[in-house]
Amino acid sequence: MQILRKSGWAGFEKTLKMDRKEVIKKVKESGLNGRSGCNFPTGLKWELMGKGVRYLICNANEGEPGTFKDKFIMEKNPSLLIEGIAIASYAMGIHKTFIYLRGEYSYLKPKLERVIKQSEEYLKKINLKININLGAGSYLCGEETAIMESIEGKRPVVRQKPPYPPEVGLYGKSTCVNNVETLANVPLIFLGGWNNKLELYSLSGDLKKPGVHEVEGGIKLKQIVSLAKPKTEPKIIYFGASGGCLPYKKFENLSVGYKSISEQGCMLNGRGLIICGKNREIVELSKIFTEFFLQENCGYCTPCREGNFRIWELLKKIGCRKGRKSDLNLLQKLAYYISDTSYCALGTSSTNHLKCALKYFKGEFLKLCK
Amino acid sequence: MKKLNLLILKYKKEEFNLLSLLEETVKVKGFLSFETLNYISKNLKIPLAKLYGMASFYSFLPTAKTGKYVIRVCNSPSCYLNGSQEVLEILKKFGIEVGKTTKNRKFTLELTSCIGCCDSPPAMMINNKVYKNLDKTKIWNIIKGLK
């Protein structure tokens, strides 16, 4: 695996000999895009940073169900991440970096602290301090502005954008937020021989061999799924909780990439694929995904808070075979209202799974209705 | 109170942020009671509502008394597909039920969202320790092993 290559700070030493602008230019030319979900060009993000005091936040609050690639990197190759943070901080002229580690991964904190301590001599060269902030079990804190609120010691409600983090971010200063996988790829660019297309996919669900796989982007869905050896023939593929779902049979030859997946009305969030076997019922699965959003919504805006609860009620009713056909229309309407009127990305994407389910598996819903 | 004062002093020295202060307080006090939050609020001159707003938001900051061991069973799709409901059934046999604390104040059981162990499901956390690939004998041994 490319991401497990050891750099031993060779990449960092190389960048120190370069001018800051050159470093950013090289990252831009390499074509590295954000690996968390938005696919935003990393070099451009770094270039947009303002002047004065600046901060870098490493987003290690990987909460999307079915995604565990960041944990994989922090467990297997933490020094690459720290080196990536050092290079990014040097390129942007940053002297303070926060790693926002989710509370569920608290057992990784001592390991990361040890690596930071071992790398002190390199970090001193650019006068960089790395702080590890522990989250406390919140999915919402994976959003870049919610992380800032959390670090500042506030209830993490997502901020209104614009202004964007490069203008007004943490403590009102210019801030860059990068994902673990993105930062871990940075040293490899400078080492040479880095393949831009290799990405990590987390596969889980009805599988014999669930786990993280590194594959080239654009590979067919069929090929990715076969890596993990499904227990039975796959029926539905979920792209995390907020990414929506696709029927496997119809799309098995689809090449997996940000563009091709979003053309089908889904999102390739964090590249976590949950594969459901042929015996799974779509209504039951939709209920489980809705339960996730019930648990994790912040309660700030009404459509997401109340709407998802009503969806859950309706799905429960349909699951008990007490639903009517008119309930399906109501479900569809609710799903679209919530995604159109919610305040933050959690709300707007919270019904993606249901929209896709109603689009591709309406027959199964109808079967259960009177 | 001595330990709490020490934590407050650390916060004043900016050794950690407010969220970490509350997390550390949970470690010392077990949970964030009204009195504890009030005490922090008066000492740091932070409105009580703000503190309670934070405490009630995060799932790892309990505002009510919990058992000695807080069991958090992952209820996310990947674990659900691989038998998280059976884990709950087995725990029920020990008298541990979802959302409740056992009478001897030893266990509290909660459902949690994904804990990032989708590659080794079903999984649960007990306090800060993660247990993966659970089955009947494994759960039996874990629960019996906790004193």
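A residue counts as buried here when its relative accessible area is under 20%, as exposed when it is over 50%, and as partly exposed in between (1.4 Å probe, protein chains only). The model is predicted, so local features need pLDDT of at least 70 and side-chain atom pairs count only at pLDDT 80 or more, while totals for chains, interfaces and linings use all residues. Residues are numbered from 1 along each chain as its sequence is written, chains are lettered from A and ligands numbered from 1 in the order in which they are written, and side-chain values use heavy atoms, with hydrogens and water left out.

**Stop 1**

Select Phe12(A), which is buried with a relative accessible area of 0%. Rings of Phe, Tyr and Trp (its six-membered ring) pair if their centres lie within 6.5 Å; planes under 30 degrees apart are stacked, over 60 edge-to-face, and the rest tilted. Over all chains, this rule gives 16 aromatic pairs.

Look at Trp9(A) and Tyr122(A): the pair is stacked, at 4.6 Å centre to centre and 0 degrees between the planes. Trp9(A) lies in the segment before helix H1 (10-16) and Tyr122(A) in helix H7 (residues 120-125), so the pair ties together parts 113 residues apart in sequence. Helices (H or I, at least four residues) and strands (E, at least two) are DSSP runs, numbered from the N terminus.

Now turn to Phe12(A) and Tyr122(A). Their ring centres are 6.3 Å apart and their planes stand at 90 degrees, so this pair is edge-to-face. Phe12(A) is in helix H1 of chain A and Tyr122(A) in helix H7, 110 residues apart.

**Stop 2: where chain A meets chain B**

Show both chains. The contact (heavy atoms within 4.5 Å) takes 47 residues from chain A and 33 residues from chain B. Buried area is the accessible area (1.4 Å probe) that two parts lose on being put together, summed over both. Between chain A and chain B it is about 3,100 Å², with 54% from carbon and sulfur atoms. In chain A, select Glu104(A), Ala136(A) and Arg155(A), which lose the most area to chain B, together 19% of what that side buries.

**Stop 3: a salt bridge**

Which side chains meet in a salt bridge? Select Asp119(B) and Lys71(A), with N to O at 4.0 Å. A salt bridge is a side-chain nitrogen of Lys or Arg within 4 Å of a carboxyl oxygen of Asp or Glu. The count between chain A and chain B is one.
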